[in-house]
Protein chains: 2
Amino acid sequence: MNETSSQPKPLTIGVFDSGFGGLTVLRALLPLIPHAHYIYLGDTARLPYGSKSRETIARYAVSSSRFLLDQGADILVIACNTATALALPEIQAAAHPIPVFGVIQPGAEAALPASRNGANDANDKKCHPERSAKREVEGPAVHTAGAPNVLVLATTATVQSHAYLQALTALGLPATEKACPLLVPLVEEGWIDHPVTAEVLRIYLLEALAEAPNATTLLLGCTHYPLLKPLIETTLRNLRHPMHIIDSAQATAQAVASHLPPSSTNQPTTCNFYATDSIEKFQHLGTNFLGQPLNHVHHIDLGG
Amino acid sequence: MNETSSQPKPLTIGVFDSGFGGLTVLRALLPLIPHAHYIYLGDTARLPYGSKSRETIARYAVSSSRFLLDQGADILVIACNTATALALPEIQAAAHPIPVFGVIQPGAEAALPASRNGANDANDKKCHPERSAKREVEGPAVHTAGAPNVLVLATTATVQSHAYLQALTALGLPATEKACPLLVPLVEEGWIDHPVTAEVLRIYLLEALAEAPNATTLLLGCTHYPLLKPLIETTLRNLRHPMHIIDSAQATAQAVASHLPPSSTNQPTTCNFYATDSIEKFQHLGTNFLGQPLNHVHHIDLGG
């Protein structure tokens, strides 16, 4: 008992998303930073952010971040591409001096080694090794030879912000962004491995690859999309355009972990969840995203 | 000039929806009640309501209704199935003594004559006259003989409220409700006549007809769905299950018109539009729903 009570206070990490998608970031954080207390807020009463304007998103994201700070967060992870893309400066200003991590910069940086190595390396190591040597001669390939290019799939608001384009361009990576507004509703319908979702992905990817035939790296710029990764891989294979797939949720968790000192406690991981809409729906849908049951979900009202 | 200035003040009709769908109700109102001033509010910063909880929807709907009352509305039309289904009593209490019309009761009442006449009459007069005489012998029909039944397509929240089921049951009509969460995103993507939308409709209708094989009347319980009416008719024809289609937007406009006295003014129709999110997006998307360009769109902030 005494040993427990004399343990230093664990790091408290506030994780914020408009809804459930950010749970894929939390899922990636848990094994990397185990001895921490997590507070996750899903602003489910006001989701989705992805179709809304910059001003509205910034207002919602700042009020959500303030809640996490009031709960004692030592650092904030904005596990929402849309909020990061459109409101990171506003959130950082509201949180100062608490450090704030977004998902855009880690995602862009994770694209760097894959894209620099070019298409063949990426294909060899990650996505479809069986096709790397043969793909140049396998019929009417959509891609062409040329400079590597990053294709970013994201919500409408994230694409319109061009936050990924700017971050990737600053790293010297040519990039193309593609808005995929139907993917979030399809994931939330649970059609993770469904022919309709495969067809929607095929249409979106064909449209995107027509604009970016040299793309060798695919950046999943929405935290819902990791649940579609197997179907995206199958679709790319069917399109004869295998790519290196970057998951910004995983990249963000690694970036956060790399910025923290080694833990000074061995306390077990604890998680508290807050949602601005129905607790039941959050528990039900969230389980898919977190990969484990959600306990301790509380309802909060952020106004509006 | 004197004649104009001595005209009585036109009736001011407040029309509210969470977004753009209610513009299909306004579109139906304009020819039926031409000498009126319309104030339309789309609570686009907080849409969609269809996936949220009753408490959240009621809070949003009441604050939106109060805005329309503050703007001088003489009557309110809640042109949103979800808000009607989950928050009509709260809105009526907030608006008292201003009359409030929802979309559920008019939609249910419009199903009455069609369903009482049975499938053949409905098919004869409305949907697919060419099939009415032959449909009993045209191969593996999904339906079976029996009592007429109403099938309601709506959002998840509307279905979970069972507001249509209760209204139809009170009218003596057996009913089945089917949640169709992908239809709103597909309409907003502009995929009104798209193979993916046709496939999603086919899946939803097959699932629904497995539960309600006797259904002869299809009630469109979401104001986005009228834009899909041609595709729904085609899908039903392909499923060999033609139905009488009731559009609750049209039914609501007729119910409002029938409760008003003849106009005492011949002033032209005027419309003011308010949106809680981006004006540009509202003008762009709204044009499809209203069937004409939207002028005079103003941004308002309802908090949140």
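The model is predicted, and local features need pLDDT of at least 70, side-chain atom pairs count only at pLDDT 80 or more, and totals for chains, interfaces and linings use all residues. Residues are numbered from 1 along each chain as its sequence is written, chains are lettered from A and ligands numbered from 1 in the order in which they are written, and side-chain values use heavy atoms, with hydrogens and water left out.

Strands of a sheet pair through backbone hydrogen bonds, either parallel or antiparallel. Helices (H or I, at least four residues) and strands (E, at least two) are DSSP runs, numbered from the N terminus. Two strands pair if DSSP finds at least two bridges between them. Chain B holds an open sheet of four strands, in the order β6-β5-β7-β8, with parallel pairing. Strands β6 (175-179) and β8 (244-247) of chain B stand at the edges, each with a single partner strand, so one side of each has no neighbour in the sheet. From one strand to the next, the twist averages 25 degrees. Angles run from 0 to 180 degrees between N-to-C directions, and axes are lines fitted to C-alpha atoms, for helices over the stretch in contact.

Strand β5 (residues 149-154) of chain B runs parallel to β6(B), and five bridges join them. Within this pairing, V152(B) stands opposite E177(B) in β6(B). Two helices are also described here. Contact means heavy atoms within 4.5 Å. Helix α10 (residues 229-238) of chain B lies across β7 (215-220) and β8 of chain B, and runs at about 160 degrees to β8(B). Helix α11 (residues 248-258) of chain B packs on the sheet and touches β7 and β8 of chain B. The direction of α11(B) makes about 55 degrees with that of β8(B).

Further parallel pairing involves β9 (residues 270-275) of chain B. Six bridges join β9(B) to β2 (residues 36-42) of chain B. Here I39(B) has N272(B) as its bridge partner in β9(B). Three bridges join β9(B) to β10 (residues 297-299) of chain B, again in parallel. In β10(B), A275(B) is partnered by H299(B).

The two chains meet. In contact are 30 residues of chain A and 30 residues of chain B. The size of an interface is often given as the accessible area lost when the parts come together. Chains A and B bury about 2,400 Å² between them, 57% of it on carbon and sulfur atoms. This buried area is the accessible area (1.4 Å probe) that two parts lose on being put together, summed over both.

Two salt bridges are counted between chain A and chain B. A salt bridge is a side-chain nitrogen of Lys or Arg within 4 Å of a carboxyl oxygen of Asp or Glu. The side chains of R59(A) and D301(B) form a salt bridge (3.4 Å, N to O). On the side of chain A that touches chain B, α3 (54-70), α8 (183-188) and α9 (195-211) of chain A each supply at least two residues. The largest share, five residues, comes from α9(A).

Some backbone points stand out. A cis peptide bond joins H96(A) and P97(A), with omega of about 10 degrees. P97(A) sits in the loop between α4 (81-95) and β4 (100-101) of chain A. In chain B, a cis peptide bond joins H96(B) and P97(B), with omega of about 10 degrees. R240(A) is not a glycine, although its phi is positive, about 55 degrees.
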